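Open the model in your viewer and colour it by confidence. Keep the selection tool at hand.

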Amino acid sequence: RALALVATNAGVVRSTASNASRLEPGAVVTRVAETFVRFGSFQLPWSRRDFATTRKLADFVMDASYGVFSAEELACTRGVGYDDAYGAFVAAVARRTAITVARWQSIGFTHGVLNTDNMSVAGLTIDYGPFGFMEAYDVGYTPNQSDLFGDRMYSFANQPSAVRWNLERFLESCDRLATRKDRARALEIFDEAFSAEIYATFTRKFGVWIRDDDEYEIVRSFHRVLQRGAFDFTLSHRSLGAFASTVLARGESATAPALASDMFASVRRRQGRADEPTDDALRLQIADFGATYAEILLRERGDPELIRAAQDSANPLYVPRNHLLQRVIEAAEQDDF
């Protein structure tokens with residue numbers, strides 16, 4: 001977290017998007033976190049074959065007095081759980097990391113610079129420089145200007161695989177600590193924890209049970225609509241609560257396609273888009289999504305008010321949008337705080 005921002009009254013030369021240079025106000029950011037130990041913190045001594053330091057670092061992070069990992073997370077049952085405490089440690093890192101990136105995906109957050117030195121062993125979101133929250137839905141979205149070309153390594157869609165690759169490098173640097181079996185199990189734990197958190201998070205966001213890949217299809221259907229229509233990520237997800245509570249209050253699905261059409265029309269207006277969709281395939285996708293979602297809602301028959309409250313608590317109404325942050329920066333440059 002950013003605790004304080006202290007101006008230095010000195011300028012800093014920064015490059016612009018057009019490769020020009022400009023002088024910007026300098027400042028020092030004071031950050032706080034449970035720990036600033038990163039994946040890269042383990043890679044550095046390991047790359048020098050300084051395995052004693054790697055072990056000391058692991059012991060330090062695992063120490064209960066340091067307060068990062070609980071005793072439960074590091075519990076080990078030989079032969080049933082992990083081979084030793086280091087096996088439990090890498091498993092805990094994998095689990096926390098998976099949960100963090102799953103939660104990023106659920107709110108459209110894109111970190112922007114996912115190298116191993118920007119990955120916390122405690123599963124914290126740290127060192128996000130050119131971060132951004134996706135606005136118009138685009139799986140290729142990246143806030144990092146240098147990542148706009150080629151494979152978009154750190155794009156929204158690629159975040160889970162980029163994070164998993166970083167975890168593999170961390171586990172590689174623990175090859176003298178955790179056994180091969182426990183390191184392989186840590187990757188399995190990452191995959192399992194990521195899927196479990198995605199299902200749990202979207203269960204709350206959609207107000208219906210999503211427990212496996214088949215049930216997750218309703219989320220994919222929704223996101224296909226968002227992608228084709230370039231609908232806003234945050235506003236669209238926030239609209240689900242009103243849709244669901246209306247369907248449940250009416251108790252029928254016949255009007256659901258029209259209701260879904262109205263929902264997305266409202267999102268378009270709130271995006272400031274006056275154009276009417278002329279894409280017949282998009283209209284069909286919207287109608288199909290509305291009908292299918294309504295059928296699931298009515299099959300599970302939740303309480304409309306409780307469902308709406310739960311969904312609204314899981315789907316934020318506001319996120320720090322880049323154009324708003326830019327206005328704050330410009331005001332600060334004029335000493336308007």
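**Stop 1: confidence.** This is a predicted model. Now select residues 233-238, helix α7. Here confidence is highest, at a mean of 98. Move to residues 322-333, helix α12, where confidence is lowest, at a mean of 86.

**Stop 2: α8 and α9.** Select residues 240-250 for helix α8 and residues 256-270 for helix α9. Their axes come within 10 Å. How do the two helices run relative to each other? The axes cross at roughly 155°. An angle over 145 degrees counts as roughly antiparallel, so α8 and α9 are roughly antiparallel to each other. The crossing of α8 past α9 is right-handed.

Show side chains at the contact. On α8, pick Leu240, Phe243, Thr246, Val247 and Arg250. On α9, pick Ala256, Leu259, Ala260 and Met263. Sorted by class, this contact has 7 nonpolar residues, 1 polar and 1 charged.

**Stop 3: a salt bridge.** Side chains of opposite charge can pair when their charged atoms come close. The model has 22 salt bridges by the rule used here. For one of them, select Arg96 and Glu73. The closest N and O atoms of this pair are 2.9 Å apart. Which parts does the pair tie together? Arg96 sits in helix α3, residues 85-107, while Glu73 sits in the loop between α2 (51-62) and α3. The pair therefore links parts that are 23 residues apart in sequence.

How values were computed: Residues are numbered from 1 along each chain as its sequence is written. This is a predicted model: local features need pLDDT of at least 70, side-chain atom pairs count only at pLDDT 80 or more; totals for chains, interfaces and linings use all residues. Side-chain values use heavy atoms; hydrogens and water are left out. Axes are lines fitted to C-alpha atoms, for helices over the stretch in contact, and angles run from 0 to 180 degrees between N-to-C directions. Helices (H or I, at least four residues) and strands (E, at least two) are DSSP runs, numbered from the N terminus. Angles under 35 degrees count as roughly parallel, over 145 as roughly antiparallel, 65 to 115 as roughly perpendicular and the rest as oblique. A crossing is left-handed if the near helix is turned anticlockwise from the far one by less than a right angle, and right-handed if clockwise. Contact means heavy atoms within 4.5 Å. Ala, Val, Leu, Ile, Met, Phe, Trp, Tyr, Cys and Pro count as nonpolar, Asp, Glu, Lys and Arg as charged, and the others, Gly among them, as polar. pLDDT is the predictor's confidence in each residue, from 0 to 100. A salt bridge is a side-chain nitrogen of Lys or Arg within 4 Å of a carboxyl oxygen of Asp or Glu.
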